There are 2 protein chains.
Amino acid sequence: MEISAYFPIWDRLTKQQQEKLSDSAVRRDIEKGTVLHNGSMDCLGLLLVCSGQLRACIYSEEGREITIYRLFERDICLFSASCMMRSIQFEVTIEAEKATQLWIIPAQVYQEVMAESAPLANYTNEIMASRFSDVMWLIEQVLWKSFDKRLAAFLLEEAAIEGTSRLKITHEMIANHLGSAREVVTRMLRYFQSEGMVRLSRGTVEIMDPEQLTSLCEN
Amino acid sequence: MEISAYFPIWDRLTKQQQEKLSDSAVRRDIEKGTVLHNGSMDCLGLLLVCSGQLRACIYSEEGREITIYRLFERDICLFSASCMMRSIQFEVTIEAEKATQLWIIPAQVYQEVMAESAPLANYTNEIMASRFSDVMWLIEQVLWKSFDKRLAAFLLEEAAIEGTSRLKITHEMIANHLGSAREVVTRMLRYFQSEGMVRLSRGTVEIMDPEQLTSLCEN
């Protein structure tokens, strides 16, 4: 498995730049649940996902959390290398949501290549703009959307990612994704169940009526 | 007033790139209150602020609003040229908060220079990271901070920007900055007044005890 097969715009780098990146990149197999990066850890480097799934989240001082975006195959995580840009003045936690294979590219090497490569710098702009869009979507959700709509959208998104309507997820986990409290999630899921939209059992939420959940999100 | 005096990293562009930018840039005097850009308007171009003050905000479908960041002298507004990057999948409204002098650089020209200039692409990354940091700060405020702390922080920030403790601002305007409702602002300001932190009169909020407001933000 070569980094060249996963790294976007590889062909637009010079031979020398390609060698610099591939010589310094390290392959890692990450177990599900591993915290790869957080505010108090060293600058890990950029993560290039080969397979699996990562999530980026933020924590409050009181330990509440919310998922801000997810990363899948061929995605690059910039914020595990926040030391790379002085204007990145925030800290996210990066966690493996599934067993994940990835390349780690040292921040300094990436920064050096980016300083001389307009294609890589422009591509990095697109990555940042894409994450920015995720966060703008989230802020609109948090500000203007009621919790029932956010929960319905989350369940539908999970079902799409997992390819199943039978989600193995606890109410606590859902609360942590949505920046809410477990009791709030439980109350809303019970309401969804009473309306026939989901069926609840221990550690499982099964979607029974995706159309109704969809129309809930849209109204 | 030359664009070269305001454009950051001007010296790191080639003569040709400098000419391309300065030939296409247009100087404009903008009246206070003008909406320069919103989702339904054409791609205006990048805004380089010479003097004055802009604010970027988002609106809900119901017409509620919140300020996401502000731009001052020598700041560049990227999101009035969101057509420039396909990964920018959100719309902000840009409004002149004060009479503002600025340069407008056509999106296509900027994009062409950025495509070949690693320094400009890297600088654009820094701008985006800086706005991203503003929005991450905001999301943490909205998610985890109570409204009294957010209001106290806003009043102190306004006083710093305006250089006065006597702020000419209505409760409605404060609500629009903070994504809240006028009644909520009025109630909290009256509480601040009863604690001796501010004094209220028509269209004015005067900060009487900045230390107490500061300690409110920090606790």
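Which residue in S8(B) is the bridge partner of B:Leu47?

Tutor: The structure is a predicted model, and in it the bridge partner of B:Leu47 in S8(B) is B:Ile104. This pair belongs to the pairing of strand S3 (residues 46–51) of chain B with S8(B), which is antiparallel and extends over five bridges.

The strands around this pair form an open sheet of four strands in chain B, with the order S1-S8-S3-S6 and antiparallel pairing. Its edge strands are S1 (26–30) and S6 (76–77) of chain B, each of which pairs on one side only. On the S1(B) side, five bridges join S1(B) to strand S8 (residues 100–105) of chain B, again in the antiparallel sense. Within that pairing, B:Ile30 has B:Thr100 of S8(B) as its bridge partner.

In general, two packed helices are described by the angle between their axes and the distance between the axes. Helix H4 (residues 147–162) of chain B and helix H7 (residues 210–218) of chain B pack with axes 8 Å apart, at an angle of about 135 degrees. With that angle, H4(B) is oblique to H7(B), and their crossing is left-handed. On the H4(B) side the contact involves B:Asp148, B:Lys149, B:Ala152, B:Ala153, B:Leu155 and B:Leu156, which meet B:Pro210, B:Leu213, B:Thr214, B:Leu216 and B:Cys217 in H7(B). By class, the residues of this contact of H4(B) with H7(B) divide into eight nonpolar, one polar and two charged.

The crossing of H5(B) and H6(B) is right-handed. H5(B) contributes B:His171, B:Glu172, B:Ile174 and B:Ala175 to the contact, and H6(B) contributes B:Arg182, B:Val184, B:Val185, B:Thr186 and B:Leu189. Here the contact of H5(B) with H6(B) has five nonpolar, two polar and two charged residues.

Chain B also touches chain A, in a contact that takes 34 residues from chain B and 34 residues from chain A. On the chain B side, the elements giving two or more residues are helix H2 (107–116) and helix H3 (118–144) of chain B. H3(B) supplies the largest share of that side, 20 residues. The side of chain B that touches chain A has 20 nonpolar, 10 polar and four charged residues.

Finally, chain A is divided into domain 1 (3–143) and domain 2 (145–218), with C-alpha centres 28 Å apart. Six residues of domain 1 of chain A are in contact with six residues of domain 2 of chain A. On the domain 1 side, strand S5 (65–71) and helix H3 (118–144) of chain A are the elements that give two or more residues, and S5(A) gives the largest share, three residues.

Terms used: Residues are numbered from 1 along each chain as its sequence is written. Chains are lettered from A and ligands numbered from 1 in the order in which they are written. This is a predicted model: local features need pLDDT of at least 70, side-chain atom pairs count only at pLDDT 80 or more; totals for chains, interfaces and linings use all residues. A crossing is left-handed if the near helix is turned anticlockwise from the far one by less than a right angle, and right-handed if clockwise. Two residues are in contact if their C-beta atoms, placed from the backbone, lie within 7 Å. Ala, Val, Leu, Ile, Met, Phe, Trp, Tyr, Cys and Pro count as nonpolar, Asp, Glu, Lys and Arg as charged, and the others, Gly among them, as polar. Domain bounds come from an automatic or database domain assignment. Two strands pair if DSSP finds at least two bridges between them. Axes are lines fitted to C-alpha atoms, for helices over the stretch in contact, and angles run from 0 to 180 degrees between N-to-C directions. Angles under 35 degrees count as roughly parallel, over 145 as roughly antiparallel, 65 to 115 as roughly perpendicular and the rest as oblique.
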